[in-house]
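Work through the exercises below with the sequence and coordinates open. Each task is followed by a solution in steps.

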Amino acid sequence: MPFENERSNKTSHGDVLRNPDVVSFLSQCQVMTPPTDAEGMAFASQFVDPPSRDGVDLPQTVIALDGSLYESQVYPGQLPSTRVGYVKVSTFMIDTHQFAGVVDQASGLVDPFRLARLHDDASALSIALPGPNVRYGGRATVREGFRAALERHFLSPNTWVDDDPKKSLRATLFALAANRSQKSSLYTGDPKVIRLHKCPNCDEVAGPGQRIEVHDVADPQHCPHCSGEIFATDCLRIWEAVAEGAPIGEALGRTMSVVEHIMPMHYARNIAAADLDAISGVTFFVDGPLAVFGNAAWIHAGILRMYNKINTYLVAKGREPMHMLGLQKTGGLREHVDLIERFVGPDRILPVGDEYRYKHVSPRDVSQMDPKDEIGFGLETYYGQDFIYKTPGSKTFVFAIPYPFESKAESKAQTGKAFKQAKLELQRYPNLAKILKVLDYFESDLYTNASIPLALAHQHTAISLMPGGKVLDIMTHKKLTK
Ligand SMILES: [Zn+2]
């Protein structure tokens, strides 16, 4: 690979900053700078007291998800470049009532055997996907093979609940699509039909007279225009990032992100359907903001609606709702918090509003914001509200919990307020104290460990879960031993 070296030698850092064009360019840019003490105090004054955790119990069951990806050269050193990608999403169930996790109680040291068992590959959903120069399943192109492989993984028995092929991860994808924004021309409301925006084979764009639909049946499905095979997972539009001869890193990242966010709903809806007591109070814990980016972002609305529907049902049936929490350990908001946390006192919280974000985190000229825009930040991506929280022990976390509305657009009918204001009112998040309890309890481990499941497993018994199969067995067993 001589080109990579050539490129890096062409310029050095000093040359760039002496270049008059670059100097002129920088003089026309506004950048954020670290806050002064006065600004820091002003930030801190916006924080409020969080709800009390007195009498709030830790959730008994926490289900944590952990994704990773890897792109591997199949024949190193040989041309043409031949690559295969892997996405791995592991799920761990932590029973907080049972102590003795991976730390040996007598010695206080981490037990390497228990740790290895937690990271046992066999317990994760491993998604192998074709990259450059790999045509999967006799397909004509890398992209076609990628699409076919992704569909196969969503249908894999590894994802079935109760050994039932009708309860695959693909079935959950259908259910989420049926809960997508009703304003979308691709909305069907039917959990048995997914509408695609265009055919990945012939590029025919769907229109009023030309629907391109995939049904939740086992038979192969075909585009009405070109008769090419189409898949339910085509709706995630990950294939658009797969091009002949190019690395598939971006497509792998999108796959991992989508699966990490769909999986909690796959568990939740199937557990809820089998046993309301088993899903009641369960807390899902994911890495990063509660948002889906890229072409699959539309699915965020399906997740938001499904989460709130299940919880509305649980509350109507007299049960505790389930909970969900996303923890951000990197990103712009986390970096901002690193700069201001010394100004904030212990046990304080801030729901991050749009104006705050645009002024201090993601630069944007607030005066140019459309005053008629009632939704605001994250319209097409976010399904959870970001909070900055300083624990009583003075550790600072950036976390998110799902918005307490089935949809952003419909929230106004419920609250009488614009979504961007209503989302900031703490009393609308009745489970906030529960989530803070989790953060308070695990604060040291969450702070020092990069992996959330590992942090939680330090003190408690953790069971690695297959993404489907054994969930019901374990949840039912849990109920019996309560
Ligand atoms: Zn077609």
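This is a predicted model: local features need pLDDT of at least 70, side-chain atom pairs count only at pLDDT 80 or more; totals for chains, interfaces and linings use all residues.

**Exercise 1.** Which residue of β8 is the bridge partner of valine 62, and how many bridges does β8 form with β1?

Solution. 
Step 1: Valine 62 has threonine 283 of β8 as its bridge partner.
Step 2: The pairing of β1 (residues 61–73) with β8 is parallel and consists of 3 bridges.
Step 3: As for burial, β8 (residues 283–287) is mostly covered, with 4 of its 5 residues buried.

**Exercise 2.** Classify the crossing of helices α7 and α8, and list the residues that make the contact.

Solution. 
Step 1: Helix α7 spans residues 169–178 and helix α8 residues 249–274; their axes come within 10 Å and cross at roughly 95°.
Step 2: Angles of 65 to 115 degrees count as roughly perpendicular, so α7 is roughly perpendicular to α8.
Step 3: From α7, the contact uses Leu169, Thr172, Leu173, Ala175 and Leu176. From α8, Ile262, Met265, His266 and Arg269 take part.
Step 4: Sorted by type, the residues of this contact of α7 with α8 are 6 nonpolar, 2 polar and 1 charged.

Notes:
Residues are numbered from 1 along each chain as its sequence is written. Axes are lines fitted to C-alpha atoms, for helices over the stretch in contact, and angles run from 0 to 180 degrees between N-to-C directions. Helices (H or I, at least four residues) and strands (E, at least two) are DSSP runs, numbered from the N terminus. Angles under 35 degrees count as roughly parallel, over 145 as roughly antiparallel, 65 to 115 as roughly perpendicular and the rest as oblique. Two residues are in contact if their C-beta atoms, placed from the backbone, lie within 7 Å. Ala, Val, Leu, Ile, Met, Phe, Trp, Tyr, Cys and Pro count as nonpolar, Asp, Glu, Lys and Arg as charged, and the others, Gly among them, as polar. A residue is buried if 20 or more other C-beta atoms lie within 10 Å of its own, exposed if 12 or fewer, and partly exposed in between; C-beta atoms are placed from the backbone. Two strands pair if DSSP finds at least two bridges between them.
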